[in-house]
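Colleague: I am new to this structure and would like to know what stands behind the terms used for it. Please show it first, and then I will ask.

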Amino acid sequence: TPIVTLGPGAAEFDPDAIWATTATAIREAVGGVDDGRRIRAIAVASFGESGVALDKGGRPTAASHAWYDKRPGAQTDYLRATYGAAALGLKSGMRLDPMPGLAKLMWLRDTDPDAFGRTTNWLMTSDYIAWRLSGEMATEPTIMGRTIAFDLEAEDWNTALLNDLGLLD
């Protein structure tokens with residue numbers, strides 16, 4: 001995975017570089033399959049709490065935070081003070097810290113309003129790769145759960161939280 005290290009606790013991925021690396025790896029993996037067999041499926045493993053912000057044309061609006069990037073600390077503190085770590089944990093099943101996608105999306109909103117304003121979709125990185133492979137933007141509960149914006153009981157997005165934070169249209 002091509003990583004851009006920006007300093008202690010700060011690292012990013014270039015979504016286009018991740019896609020290029022993925023496409024190259026797939027080409028290399030299937031390059032020797034020439035005996036008439038067809039590839040019937042490809043699985044995409046989770047990429048932790050990294051996500052890709054996309055504009056309406058499907059182009060990345062910003063770099064993706066590495067899953068271990070700590071820059072959304074202020075956003076995590078806001079979530080803790082406003083909603084409570086225990087309450088968010090019970091609702092989402094996730095421990096509150098800077099790693100979940102929600103804190104990263106809030107960080108984008110707070111530090112790069114232009115990129116956030118152009119963002120119409122947020123896909124976790126594994127969903128981004130699956131979308132690039134299939135053309136379908138989708139996710140599933142185990143990936144949704146890594147964002148802290150998932151409601152375990154409803155088995156869907158916590159739209160009240162996302163609306164309250166100004167993250168939905």
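Colleague: Which residue is the bridge partner of Glu 12 in strand 4?

Modeller: His 65 is the bridge partner of Glu 12 in strand 4. Before going on: this is a predicted model, in which local features need pLDDT of at least 70 and side-chain atom pairs count only at pLDDT 80 or more, while totals for chains, interfaces and linings use all residues. Residues are numbered from 1 along each chain as its sequence is written, and side-chain values use heavy atoms, with hydrogens and water left out.

Colleague: What makes a run of residues a strand or a helix?

Modeller: Both are DSSP runs numbered from the N terminus: helices are H or I with at least four residues, and strands are E with at least two. Strand 4 covers residues 64-65, and strand 2 covers residues 10-13.

Colleague: How do you know that strand 2 and strand 4 pair, and in which sense?

Modeller: Two strands pair if DSSP finds at least two bridges between them. Strand 2 and strand 4 have 2 bridges, in the antiparallel sense. Strand 1 (residues 4-7) and strand 2 are also antiparallel, over 3 bridges. There, Gly 7 has Ala 10 of strand 2 as its bridge partner. The hairpin of strand 1 and strand 2 has 2 residues between the strands, and Gly 9 takes a positive phi near 75 degrees.

Colleague: What is the order of the strands in the open sheet, and why are strand 1 and strand 4 said to stand at the edges?

Modeller: The open sheet has 3 strands in the order 1-2-4, with antiparallel pairing. Strand 1 and strand 4 each have a single partner strand, so one side of each is left without a neighbour in the sheet.

Colleague: Why is Phe 13 called buried?

Modeller: Buried means under 20% relative accessible area, exposed means over 50%, and partly exposed lies in between (1.4 Å probe, protein chains only). Phe 13 has 3% relative accessibility, so Phe 13 counts as buried. Phe 13 belongs to strand 2, where both faces are covered: Ala 10 and Glu 12 are buried on one side, Ala 11 and Phe 13 on the other.

Colleague: Why does Glu 12 count as buried, and why does Arg 71 count as partly exposed?

Modeller: Glu 12 is at 18% relative accessibility and therefore counts as buried. Arg 71 is at 24%, so Arg 71 counts as partly exposed.

Colleague: What makes the contact of Glu 12 and Arg 71 a salt bridge?

Modeller: A salt bridge is a side-chain nitrogen of Lys or Arg within 4 Å of a carboxyl oxygen of Asp or Glu. The side chains of Glu 12 and Arg 71 meet at 3.2 Å, N to O. This pair links distant parts of the chain, 59 residues apart, with Glu 12 in strand 2 and Arg 71 in the loop between strand 4 and helix 2. By this rule the count comes to 9 salt bridges.

Colleague: Which residues are joined with Glu 12 into one network?

Modeller: Asp 69 and Arg 71 are joined with Glu 12 through salt bridges that share partners. The closest N and O atoms of Asp 69 and Arg 71 are 2.7 Å apart. Asp 69 has a relative accessible area of 0%, so Asp 69 is buried.

Colleague: What makes a set of residues a nonpolar core?

Modeller: The set consists of buried Ala, Val, Leu, Ile, Met, Phe, Trp, Tyr and Cys residues joined through side-chain atoms within 4.5 Å. The largest such core has 17 residues, and Leu 79, Leu 102, Leu 165 and Leu 167 have the most contacts inside it. Helix 4 (101-111), helix 5 (113-118) and helix 8 (159-164) each give two or more residues to this core. Helix 4 supplies the largest share, 4 residues. A second, separate core of 12 residues includes Tyr 128 and Trp 131.
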